[in-house]
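Good morning. Please have a look at the sequence and the structure, and then I will go through a few of the features.

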Amino acid sequence: MNPRAFAGLLTLVFGFLAGLSGPAKAEDPLAAWTPKFDPKGAQYSYILSNVDHPAIEGIAVGYHIRDKVWERSKGRLYVDFRPLAQLGGERDVISKLKLGAVQGMLCSSVAAVNVTDTLGIVNLPFVIDSFDKLERFRNDPALFRPFADSALGQGIMVADFTGYGPYGWATTSPVRTLAEAGKINFRIAQAPVNADIYKAWGLKFTVMPWPDVPQALQTGVINGLDHTPIVCSITRKFDVARNFTQLDYAQGLYIHLMNKRWFDKLPADLQQILMEVIEQESTKARLATRKQQEAQIAEAKAKGVQFFSLSAAERRKLEELSAPVYSKWGAKVGEAYLQQVRSSLAQ
């Protein structure tokens, strides 16, 4: 992320928090997550990066991991969690992760494809499109292990993942049908999978960095967002986009990437503690995300945001239109693996 975009992101974050909690909290947006211990005596440190705010349960997991690892390691290992893009944008941090300057990151699933194509399987439409399918994918070694090992050639391992809910459409005018969707200019993430999806669906879209979204939405440059209810609610996109179509075509994830060279140098007992805590806390965070999804939708509805769903027939049409995406990305992630995931989760 360039300095101007990074500065814009921080301005948006601090502005959002100021409006949410008042000036006192805006001075230190992470005050509530200050550790209750002094990490200076730790023998080992694990720098863990993320670009978002821990008001999202899938991000707060970084602090839960920090505290539990400190407790179980008896102060030997400190998880130095850095949310709010303190270490830069995701592409910058991925580069730092490969070099070992950063040891871990909770990487959004849309950005993770920049690490290896296989990680893009979670973004494909109507493949892992529900909380239940997500858990089945995570808990089936035959499905999860190829995903977790896919970046080992670049020195990166996938420890686990959390999430930020299922994707849909936040729009300034109601979208109840594909015909109405055709009138919307959707902002999508800077990710090749997303662009391929919207091309296949025949919908208008604009690839745009997240810090540029508020102004673009307010000025009408875009009139729709491809995102999740949790993020749209917490970051106040519903203040402008007062409608949400619950398409639920993919689950937004924060994939926990780790530098394997650093991990291999960690003492065996600390390796075990770290991996066990990550798994336990990530499982808790995914459950908390389900509850947060319900809570944020209820809160948005109470503020007048309207929620819609496409008909079953139109959802099937979108899946049929996705055939070129499955073909292109099947070649990238492996045809056999994609078919295995689709068939296993369809049962």
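I start with D67, which is found in helix α3, residues 57-72. Helices here are DSSP runs of H or I of at least four residues, strands are runs of E of at least two, and both are numbered from the N terminus. D67 counts as partly exposed because its relative accessibility is 34%. The terms are these: buried means under 20% relative accessible area, exposed means over 50%, and partly exposed is in between, with a 1.4 Å probe and protein chains only. From D67 to I234 is 167 residues in sequence and 24 Å in space, C-alpha to C-alpha.

A word on where this comes from. The model is predicted, so local features need pLDDT of at least 70 and side-chain atom pairs count only at pLDDT 80 or more, while totals for chains, interfaces and linings use all residues. Residues are numbered from 1 along each chain as its sequence is written, and side-chain values use heavy atoms, with hydrogens and water left out.

Now the whole chain. It has 16 helices and 11 strands. Its radius of gyration is 20 Å, close to the 20 Å that the globule rule gives for 347 residues, so the chain is as compact as a globular protein of that length. That radius is taken over C-alpha atoms, and the rule is 2.2 Å times the number of residues to the power 0.38. Buried residues make up 54% of the 347.

Next, the sheet. Which order do the six strands of the open sheet have? The order is β7-β6-β8-β5-β9-β11, and the pairing is mixed. Two strands pair if DSSP finds at least two bridges between them. At the edges are β7 (205-207) and β11 (306-308), each pairing on one side only.

Look at β8. Strand β5, residues 168-171, runs antiparallel to β8, residues 224-227, and four bridges join them. Among the bridge partners, A170 goes with L225 and W169 with D226. β6 runs parallel to β8, with two bridges, and R187 stands opposite L225. G224 and D226 point one way from β8, L225 and H227 point the other way, and all are buried.

Now charges. Side chains of opposite charge can pair when their charged atoms come close. A salt bridge here is a side-chain nitrogen of Lys or Arg within 4 Å of a carboxyl oxygen of Asp or Glu. The whole structure has 17 salt bridges.

One of them joins D160 and R138, with the closest N and O atoms 2.9 Å apart. D160 lies in strand β4 (residues 156-166) and R138 in helix α6 (residues 131-139), so the pair ties together parts that are 22 residues apart in sequence. Are these two buried or exposed? Both D160 and R138 are buried. They also belong to a network of salt bridges that links E135, R138, D160 and R286.

Another salt bridge, at 2.9 Å from N to O, is between D264 and K260. Both lie in helix α12 (residues 260-265), four residues apart, about one turn of the helix. D264 is partly exposed at 44% relative accessibility, and K260 is partly exposed at 28%.

K303 and E299 also meet in a salt bridge, at 3.3 Å from N to O. K303 counts as exposed at 54% relative accessibility, whereas E299 counts as partly exposed at 36%.

That is the end of my part.
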